[in-house]
Amino acid sequence: MEPWPANTLGLDYVAAARALGPAPVRMIDVHTHIHGREAAKIYARVRELYGVERTYTMTQISMAAEVREVLGESVRFITMPWFRGNDPEHQHRGGYLEVIERFHGEFGARMMKLWAAPALREFLPSGAVDVADIDSAWRREHARLAVSLGMMIMVHVADPDTWFAARYHHGATYGTKAHQYVGLRRMLDEFPVPWIAAHMGGWSEDLGFLDRLLTAHPNLHLDTSATKWVVRGLSGHEPSEVRDFFTRHKGRILFGTDLVTMDDQLSLAKTGMSRMADLANSPEQAFELYCSRHWTLRTLFETGYDGPSAIADPDLAMIDPARYTAMSAPRLRGCALPADVLRALYHDTAANLVDRWWAEHA
Ligand SMILES: [Zn+2]
């Protein structure tokens, strides 16, 4: 395959998976967005190839049944607001309460996602002042309902440092990056169920901050999802620092890819479902797209590789368009985690925390 943004190195991802060898343990991916009957079948092949046996997914509720038909008992659903209707103002407020109830009853969801990204303010014409902050009135309503239904909570808080530098310069509109965590800390205390803060808690660029956050809040956990961001953020540190961080917080960090699959990625015909549809245009490209997240994260955690990432990162050109193109990839520095830390990251922490939570709240 010619190099393209999901394979800048021109890898044969089947051979590359074999070269990595089997993961030290069967893996659990706690953070994906699986959609599409055909895309889910391609995902199932990729998952098997790279060693994942259970998948937690945030799927649009109208598409959850077909994903369950393809992946069966190996898939579990985390609630997610409805993003496709014509009334987003309602869907992110009272409408989400209805979706949480349905995910609980129809799909057995025992985890609720709060998407508190600053960009929600752009998404809703109202500016979303009553819902955007993680501790806003509507978020508390969502959390109260979820906890009453026996759910733990996943949260997207903040965004990459690059976005706060280049996109969110309006501190008055979006708040600073540090501001995002004031409300999170309140919510962690007020809703003392287990929480998973996605994307390395939103601050892979600052491990010292995450150290303090994890120490102060024993009910907080992190996932490694958002492959491009996490590779860029973690590779910015010395590999020994990353190794120390994952070792110190063994039992608090879970493996996740943030892989987004949909049938729109299998051809050039798009339904307008999501901008993620443009990430691939054929079954072959979709296969490589899904492999790229797994190969890159496993290379980061398991090896001492030091070289370009396999995935192009548009944030590089967003920050410095003179230097980077759409095909530029950041440096990836593998941190070669010890075997016991890998086993915890890939399987044991998710089994002890999330699988057990599901079982205890069945
Ligand atoms: Zn996600």
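Predicted model: local features only at pLDDT ≥ 70, side-chain atom pairs only at ≥ 80, totals over all residues.

Student: Fine. Which residues touch the most other members of the largest nonpolar core?

Tutor: Ile153, Val155, Tyr290 and Leu345 do, in a core of 102 residues. Helix α15, residues 283–302, supplies the largest share of this core, nine residues.

Student: What is leucine 345 in contact with, leaving aside its neighbours within four places in sequence?

Tutor: Its contacts are Phe246, Ile253, Phe255, Phe301 and Leu337.

Student: Now the sheet. What is the strand order?

Tutor: The order is β4-β5-β6-β7-β8, an open sheet of five strands with parallel pairing. At the edges are β4 (111–116) and β8 (253–254), each pairing on one side only.

Student: And how many bridges join β6 to β7?

Tutor: Three, between residues 195–197 of β6 and residues 220–223 of β7. Alanine 197 is opposite leucine 222 of β7. On the sheet packs helix α7 (residues 137–148), which touches β4 and β5 (152–157). The direction of α7 makes about 170 degrees with that of β4.

Student: Is the crossing left-handed or right-handed?

Tutor: Right-handed, as α2 passes α3.

Student: How many residues of α13 are buried?

Tutor: Nine of its nine, over residues 227–235. Among them are Lys228, Trp229 and Arg232.

Student: What covers the buried residues of α13?

Tutor: The cover includes α11 (198–201), α14 (239–248), α15, α16 (314–319) and β11 (331–333).

Student: You mentioned backbone angles. What is phi of histidine 199?

Tutor: Near 55 degrees, which is positive, and the residue is not glycine. Most residues other than glycine have a negative phi. Histidine 199 sits in helix α11.

Student: Why does histidine 199 count as buried?

Tutor: Because it has 26 C-beta neighbours inside 10 Å, and the cut-off for buried is 20 or more.

Student: What about alanine 336, what is its phi?

Tutor: Also positive, about 40 degrees. Alanine 336 lies in the loop between β11 and α17 (339–360). With 16 other C-beta atoms within 10 Å, alanine 336 is partly exposed.

How values were computed
Residues numbered from 1 in each chain as written. Core = buried A, V, L, I, M, F, W, Y, C linked by C-beta atoms within 7 Å. Buried ≥ 20, exposed ≤ 12 C-beta atoms within 10 Å, placed from the backbone. Helix = DSSP H or I, 4+ residues; strand = E, 2+ residues; numbered from the N terminus. Contact = placed C-beta atoms within 7 Å. Left-handed = near helix turned anticlockwise from the far one by under 90°. Pairing = 2+ DSSP bridges. Axes fitted to C-alpha atoms, helices over the stretch in contact; angles between N-to-C directions.
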